[in-house]
Structures are given as structure tokens and as C-alpha cells.
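Colleague: Please take one part of this model and go through it closely. Then put that part in its setting in the rest of the chain.

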Amino acid sequence: MSARPWTNWAGNQHACPASRVEPTSVDELRAVLADAVGRSLSVRCVGAGHSFTPIAVTDGVQIGLDSLRGIESVVRAADGSAEVTVLAGTRLRELTARLWDLGLAMANLGDIDEQSVAGAISTGTHGTGASFGGIATQVHALELMTADGALVRCSREENSELFDAARVGLGALGVITRVVLDCVPAFALHAVEEPSTLRGTLAELESIVAGVDHFEFYWFPHTDRVLTKRNTRLPGDAALRPLGKVRSYIDDELLSNTAFEGLNRVVTRIPALIPRVNAVSARALSAREYTDRSYRVFASSRTVRFVEMEYAVPIAEIGWVLREVDRWLERSDLSIAFPVEVRCAAADDIWLSTAYGRPTAYIAVHQYHRRDHREYFDAVETICRSVDGRPHWGKLHSLGSDELRDTYEHFDDFLRVRNSMDPGKLFGSEYLERLLSDPHQESMPSTAIERGC
């Protein structure tokens, strides 16, 4: 008997798993994997369902890790940092609040904190800041359960190649059970948000990014207007001056979510209104400044449903990319209501990280879930690919293994580690085989073939 159908947060991915299980211990997880092997069913893990791709889709066994959550241990260093061991299903929102109580923080976060630790790592979730890497760069060690139920630990010193692969592992190597995070002393963020112009921001982008800890901006398509966000790190004992409840509700809930949802419903019916609405919205933005706990500033509330594509491009190319997107929109009949988000990250050494080997800028484009995204996303993808862009693993794109191999130096090394960790492709799926096709294997083993609803 099949489990209930599953849908991701955005509502654009659906699955009909043969069963849905939520183990409460490592021993229960081992039994689940043994049962799946015995029934020739593939296995996929799912966290919060915040990926827009079919990466969690399976008609086999879908494993939820929500019952494997919490902090197991904290090993403190003399400088105030700590190695924190966390169970894989722990949600970032829960973890960051608990870390603050312990006088600790994650060095960087994305702008959504609903994901599980394992899910955020596996898909390459990142934040912004030229000197800071994505969440996976904060991993000190991790533990995986393999198809035969063995627990394997990896770090820079132990099983180092597996560590290089597993930090952004796409759920293809095994089930992450524990993660050891390098955490820093708790810190506050001083946030300055203010409107500006796209032209002016791009002209000064290099100096702006170099001069502030965490910088990002949102461009309103069909206009020259942007909203910039500058976040500066302060000691954890700095005086906090958070937004007042009324201002926070008006800006972050009423305008950014409730009113924005209403606007999108209207412009979905009358797309011709979008350029005018964007111009009015951009000019109506007012500056604001506040100081709060780091995790509260990093993350934002998102209730308006959308689909998203995000590409990582060499940071020197982001100005050209945005100008090309603007030119395409001028030529196109399409109108886009969602702002375009631009962030940056430091280079890292993780094999399948979108920032592998180069300082990176991210361009994220969105479309309201009731509107067709394909023409817009295809155009932006073509522009980003022309500068060797790499797609975010949890967001929509059209690339397969041939294109991905061209942009990842260690792509075949990842496949080699995958073949050694999961030769029977227990953790496979149709979608993963599109991403990770191995030219040395003629066909996909039966345990990885999806059978449909």
C-alpha cells in the first residue's frame, strides 16, 4: 500500500512513494534501509521540502528525518568557537536559536531557515558575504549510513575524499545521520536596508562587496531600482535594537507577504500592470536600520509561493549578466513581478559546490507559482551558462550530466566515490541519474528506477 502523495513547499514537485517512514533512531534507520534493499526499492530522504527540483522525489521509500533532531554535544575551544554535533533532521531555525542560548552561532546562513541541516548541506544552500562560504563550508565532519547499514564518518583527516564529496552530496552517497559544525561565538548583525539604483549599485559593486560583511540586493525588473541590504557583524553582547513589532509586521508580513500575494494574484490576471506596479513598489520602499541576533537578520519570512532558479557565476560577470537579463526583458513580451536577488560567496574546495574554486555571485530569479516560469528561466539560464554559470542543486534548471561535467573539475571523482559508496544505487532516482549519469555504466540498476504513481 502506497503512502500518501507528497508535495514540496512550492507545489511544483509531487511524489507517490511506496512508503513514507520517519525513523526515531539510527537502528530504526538501518532497518528501513535493509527492508528497502530486500524489496528492491530506491530510497530518498526529504527534509522541509524547500527544494524546487525533484531531488526528493521517489516512488520507493521516502525517509523523513524530523525525529532525528537536536544538539548531541558541544566541544568548546579557547577562542570561544565550538564543534557542535547535530542530528541530521534538525531544522536550521531550531538550531540557530539553541546555539544563541549556548553563546554560539553559525558563521553564515541563507535567507530561509526552514530547511533541515542535512538538506541544506546536501543541496549547497548558501548565504551572502564575500569572505564567507555556504553552509557546507561550516561542516567539520559528518556521519553517513550506507546501503548496507554501516555508519561511516568523514572529515578532512578521515575519509577525506568522501568528505569532499559528501558535504554537497545530493543525497546520493547515503543517509546523513550526524553533522559536526564549526560554530563561532554568537554575534549580532547591524542591518542597513535602503533603496538605490541598479546602475549605481553595479558601478560600485566591487567596493561595496569588499567593504561590508554581508551584502545583497534585490532588483525590480522593468525598472532601474534596487533594494540594498548591508549587514555588519557585531559582538554578541552588542546592544540590540530590533525592529519594533509594528514596523516588522507592516514591512515583513503585511507588505512582503500578504500584500505581495494579493498583487501577484492581480497581475497574474493582468500582466500588463507589472512594470507600473514594480516602479511604484520600488519607489515606495523606505530605508530602515536595526540590530538583532545574527540568525534573525539573516532569515526572512516567506509565505508567498513561488518557484525559483538560481545560478552561480564568476563574481566579475554579475554586472554583465544582469544587464543582459534587463536587455532580454526589454525585447520580450514577458513581465516579471518578483525582484531578482543577487548575493555573493567566497570560493571553496567542495567538489560539487557552486562556489568551487572561484569567488561567486548568485543571481536568483523567481516566478509566482500560478504563472508559467519556463520562458523566463530558460532565457536567464542561457545568459548564465554563457559565463560558465552553475545551477543551484535545489533550484530549477535544465542541465544534465554532460553539461555539469564541463563545469565541475571533480565531477567524475564524485561519481567514483558514489559508485564505491552505493554501487547498487539504492539512493538513486530518475532525476539523480539525469544529473549524475556515469559514462562507464551502461544502465541504471533496477533499485534506482522509478515506477510511477
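Modeller: Helices (H or I, at least four residues) and strands (E, at least two) are DSSP runs, numbered from the N terminus. The model is a predicted one, so local features need pLDDT of at least 70 and side-chain atom pairs count only at pLDDT 80 or more, while totals for chains, interfaces and linings use all residues. Residues are numbered from 1 along each chain as its sequence is written, and side-chain values use heavy atoms, with hydrogens and water left out.

The part I have picked is helix H1, residues 26-38. Its 13 residues reach 19 Å from the first C-alpha to the last, close to the 18 Å expected at 1.5 Å a residue (1.5 Å times one less than the number of residues). Val26, Leu29, Val32, Leu33 and Ala36 are the buried residues of H1 (under 20% relative accessible area with a 1.4 Å probe, protein chains only; exposed is over 50%). They sit on the same side of H1 because they cover an arc of only 115° around the axis, taken from the directions from the helix axis to the C-beta atoms. Asp27 and Gly38, on the other side of H1, are exposed. The cover over the buried residues includes strands S3 (19-21), S4 (43-46), S5 (61-64), S9 (139-145), S10 (151-155) and S11 (175-185), where contact means heavy atoms within 4.5 Å. After H1 comes Ser40, with a positive phi near 55°.

S4, S11, helix H3 (117-122) and strand S17 (340-345) each supply at least two residues of the lining of the largest cavity. A cavity is a set of points on a 1 Å grid over the protein atoms alone where a 1.4 Å probe fits but cannot get out, and lining residues have an atom within 4 Å of a point. The whole structure holds 5 cavities of 30 Å³ or more, and the largest has about 710 Å³ of space, the volume being that filled by probe spheres set on points joined across faces, edges and corners. It is lined by 50 residues, of which Ser51, Ala118, Gly119, Ala120 and Thr123 are the closest to its centre.

S17 in turn belongs to an open sheet of 8 strands with antiparallel pairing, in the order S15-S12-S14-S13-S17-S18-S16-S19 (two strands pair if DSSP finds at least two bridges between them). Its edge strands, S15 (288-293) and S19 (390-391), each pair on one side only. Within the sheet, S13 (214-219) and S14 (225-235) run antiparallel and are joined by 6 bridges, and Phe217 stands opposite Thr228 in S14.

Beyond its neighbours within four places in sequence, Pro391 is in contact with Glu310, Tyr311, Thr354, His397, Leu399, Leu404 and Tyr408. Ser401 lies in helix H12 (401-407) and is buried, with a relative accessible area of 8%.

Technical notes: 1 Å grid on protein atoms, 1.4 Å probe; cavity = no way out; pocket = protein on both sides within 12 Å on 5 of 7 lines; lining within 4 Å.
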